[in-house]
Amino acid sequence: MCGIVGYLGPAKAAPVLLSELRCLEYRGYDSAGVAIIQDGELSVLKAAGKLNNLEKLITDNKPTATVGIGHTRWATHGVPNDQNAHPHLDASKTIAVVHNGIIENYEELKDELIKDGYAFESDTDTEVIAHLISKVYETEKDMLKAIFKTVGLLRGAYALGVVSQKHPDKIYAINQHYSLSVGLGNNESFLASDSMAVRQYTNKVVRLEQSEIAEITKEGVRLFAFDGKEVKRRPMSLDSNPYVIDKGGYKHFLLKEIHEQPLVLRQTLAKYLVHPTKPVSFIPHITPNSNGAATNNEEENQLSKSYGVHLTEMELKGIDRIQVVACGTAYHASLVGKLIIEQLCNLPVSVDIASEIRGRRLMVNESSLTIAVSQSGETADTLAALEEAKKLGSFTLGITNRPDSHLSQITPNLIVTECGIEVSVAATKTYLAQLTSFYLLGIYLAEARGAITTEHARKLKSDLNAIPTLLEQILAKENEIRLASLKYADAHDVVFIGRGFNYPTALEGALKLKELSYIHASGYAAGELKHGPIAVLDSKVPVVTVLVPGVVYEKTLSNAQEARARNAQMIAVAVEGDEQAARTFDTVLSIPAVDEFFSPLLTVVPMQLMSYFIADYLGKDVDQPRNLAKSVTVE
Ligand code: G6P
């Protein structure tokens with residue numbers, strides 16, 4: 001959460017900082033600001049609200065400075081207003097700090113600074129850092145020493161960008177349990193929380209590891225550990241194709257990303273499933289170079305080497321328990337993953353919300369596999385849970401859309417989903433790709449452990465290959481889904497129910513509607529409806545039931561009947577031609593016939609579209625819903 005950027009070079013800094021910030025807006029959009037050194041003086045431009053407000057300030061002021069840092073904020077300490085927007089300054093207004101994360105002992109530090117006569121202008125925890133650096137600098141007269149001493153006083157997980165008017169040829173970056181990358185160009189350097197933001201300028205990047213400080217100049221970067229020792233690290237090459245971020249003719253990124261799902265599935269399947277007769281293979285992925293050919297350059301392949309699953313057959317056979325950790329939408333994908341793996345491999349799988357692992361005994365050991373699922377690969381709680389599992393000796397595996405993320409650094413085994421960047425804050429295509437990864441992983445484990453026959457594996461792979469075409473059939477009915485959905489746009493509460501493989505779909509459907517439209521929605525296991533939630537039902541409450549032929553069909557239908565008996569407005573996601581559904585529900589959002597086992601890959605799509613159309617109709621900011629951020633790096 002929160003995005004940090006920086007620039008030093010021959011170009012005007014403000015437009016570069018803005019373009020970097022555009023790439024990081026997914027990390028928060030409560031306010032944005034830059035600190036630049038203009039004619040030897042530090043000056044700050046910052047504004048509450050979206051980046052456009054800062055852009056206007058920059059356009060009006062036309063700064064010509066060639067060095068600066070910037071920030072986009074997701075508020076933690078202090079409301080999102082101009083005053084609390086970053087950068088924050090020290091008392092002499094010569095040092096500026098941008099900050100991502102939380103300083104846990106900031107109140108203590110602030111009290112001491114106040115006793116020493118320092119005055120505070122904001123409610124943030126960040127401002128203490130600016131004052132502390134400045135205070136130490138007064139005696140040390142050396143920025144690096146001031147930073148070393150300051151980080152020794154801070155508790156928490158954080159990343160910082162710092163500039164000082166006394167050192168206009170340098171930017172300092174500090175990383176403590178977060179992500180920061182320095183991009184190296186030709187006589188210019190960049191700083192960003194996410195390497196994606198510098199990729200538009202250079203593909204040569206040095207990542208800061210934990211407890212490291214970078215001193216950045218136009219010519220390059222020097223790295224130091226918090227104990228002051230210099231660290232040598234060669235730059236790595238990112239994929240040379242910068243991400244193209246455009247709406248492709250769609251009104252919103254969200255709608256575009258929903259429509260990309262058949263392609264995303266095809267790409268993920270193509271990468272790991274060569275042919276139904278061949279075993280699923282998570283071989284290391286080799287990044288093609290700019291000519292499209294695989295490269296033998298060791299440096300260029302540094303990133304790609306960490307891809308893939310590197311567990312031996314013996315290790316795969318020896319696993320007796322799987323623990324999955326994830327947050328948000330990734331947690332819902334993991335709940336489906338549990339059912340897939342349990343069914344195919346006869347292995348016990350537990351799924352936990354990663355933040356719930358804190359302070360708890362994690363039940364893993366040397367014969368467990370712990371899987372962290374995270375679209376961004378940066379979610380603090382998910383990373384912490386995986387680190388905890390590692391300490392206990394568990395094998396680890398990550399499923400992510402970002403091979404350059406922190407997650408890829410902390411596990412040797414990585415399944416990369418082939419989604420391209422997901423711009424919309426609410427996850428859609430990455431959810432489907434995470435589900436696909438779990439289907440592939442389930443088959444992979446089952447094949448390696450001899451838990452399924454060759455014939456069964458072949459059938460599963462063929463069925464999986466057919467899914468993208470079925471998805472296209474749902475998307476072709478988008479207008480029908482739009483008209484049906486808008487009938488429910490005035491609802492205040494919506495209930496989603498499903499069983500078995502589609503209980504997680506009900507949770508995800510409710511989450512999408514909440515995130516996008518701000519309508520209160522809850523997902524329940526259909527069998528739980530009668531144990532409490534049914535009390536909220538009346539004729540004003542729509543109930544969305546996921547109803548797919550299979551072992552839980554009849555029981556789910558009975559649960560829906562219970563809702564109908566309370567006069568609820570009845571909506572179903574059901575397969576085409578389901579006559580019982582047509583009789584029971586006021587509205588049926590239909591999907592093509594599909595095996596219950598694979599149905600979560602289809603059933604969620606009408607729900608994504610329904611949430612999108614309702615939110616758009618209500619005039620909500622569907623790509624950047626209020627209060628949310630795409631990458632949640634606070635705990
Ligand atoms: C945030 C996003 C969600 C996402 C969750 C987990 O809350 O808004 O869409 O599901 O983080 O993110 P991750 O990157 O770990 O999948």
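A polar contact is a pair of N or O atoms within 3.5 Å. In this predicted model, a polar side-chain atom of S374 lies 2.6 Å from an oxygen atom of the ligand.

**Ligand surroundings**

- The ligand is surrounded by 14 residues.
- The closest of them are T329, S374, Q375, S376 and T379.
- S374 contributes a polar side-chain atom, 2.6 Å from a ligand oxygen atom.
- T379 also places a polar side-chain atom by a ligand oxygen atom, at 2.4 Å.
- T329 uses its backbone instead: a polar backbone atom there is 2.9 Å from an oxygen atom of the ligand.

Two packed helices are described by the angle between their axes and the distance between the axes.

- Helix 13 spans residues 454-475, and helix 18 spans residues 600-617.
- Their axes cross at roughly 25° and come within 10 Å.
- Angles under 35 degrees count as roughly parallel, so helix 13 and helix 18 are roughly parallel to each other.
- The crossing of helix 13 past helix 18 is right-handed.
- On the helix 13 side, the contact residues are L464, I467, L470, L471, I474 and L475.
- Helix 18 meets them with L601, L602, V605, P606 and L609.
- By class, this contact has 11 nonpolar residues, with no polar and no charged ones.

**Helix 7 with helix 12**

- Helix 7 covers residues 261-272, and helix 12 covers residues 429-448.
- They pack at an angle of about 30°, and their axes are 9 Å apart.
- That angle makes helix 7 roughly parallel to helix 12.
- Helix 7 and helix 12 cross in a right-handed sense.
- Helix 7 brings Q261, V264, L265, T268, L269 and Y272 to the contact.
- Helix 12 answers with K429, L432, A433, T436, S437 and L440.
- The contact of helix 7 with helix 12 has 7 nonpolar, 4 polar and 1 charged residues.

**Helix 3 with helix 4**

- Helix 3 runs over residues 106-115, and helix 4 over residues 127-140.
- The packing angle is about 50°, with the axes 10 Å apart.
- That makes helix 3 oblique to helix 4.
- The crossing of helix 3 and helix 4 is left-handed.
- By class, the contact of helix 3 with helix 4 has 5 nonpolar, 1 polar and 2 charged residues.

**Backbone details in loops**

- H86 and P87 are joined by a cis peptide bond, with omega about 0°.
- P87 sits in the loop between strand 4 (67-73) and strand 5 (88-89).
- N567 is not a glycine, yet its phi is positive, at about 65°.
- N567 belongs to the loop between helix 16 (553-564) and strand 24 (569-575).

Terms used:
Residues numbered from 1 in each chain as written. Predicted model: local features only at pLDDT ≥ 70, side-chain atom pairs only at ≥ 80, totals over all residues. Heavy atoms only, no water. Axes fitted to C-alpha atoms, helices over the stretch in contact; angles between N-to-C directions. Helix = DSSP H or I, 4+ residues; strand = E, 2+ residues; numbered from the N terminus. Parallel < 35°, antiparallel > 145°, perpendicular 65-115°, else oblique. Left-handed = near helix turned anticlockwise from the far one by under 90°. Contact = heavy atoms within 4.5 Å. Nonpolar A, V, L, I, M, F, W, Y, C, P; charged D, E, K, R; others polar. Near = heavy atom within 4 Å. Polar contact = N/O pair within 3.5 Å; in protein donor to acceptor, adjacent residues only side chain to side chain.
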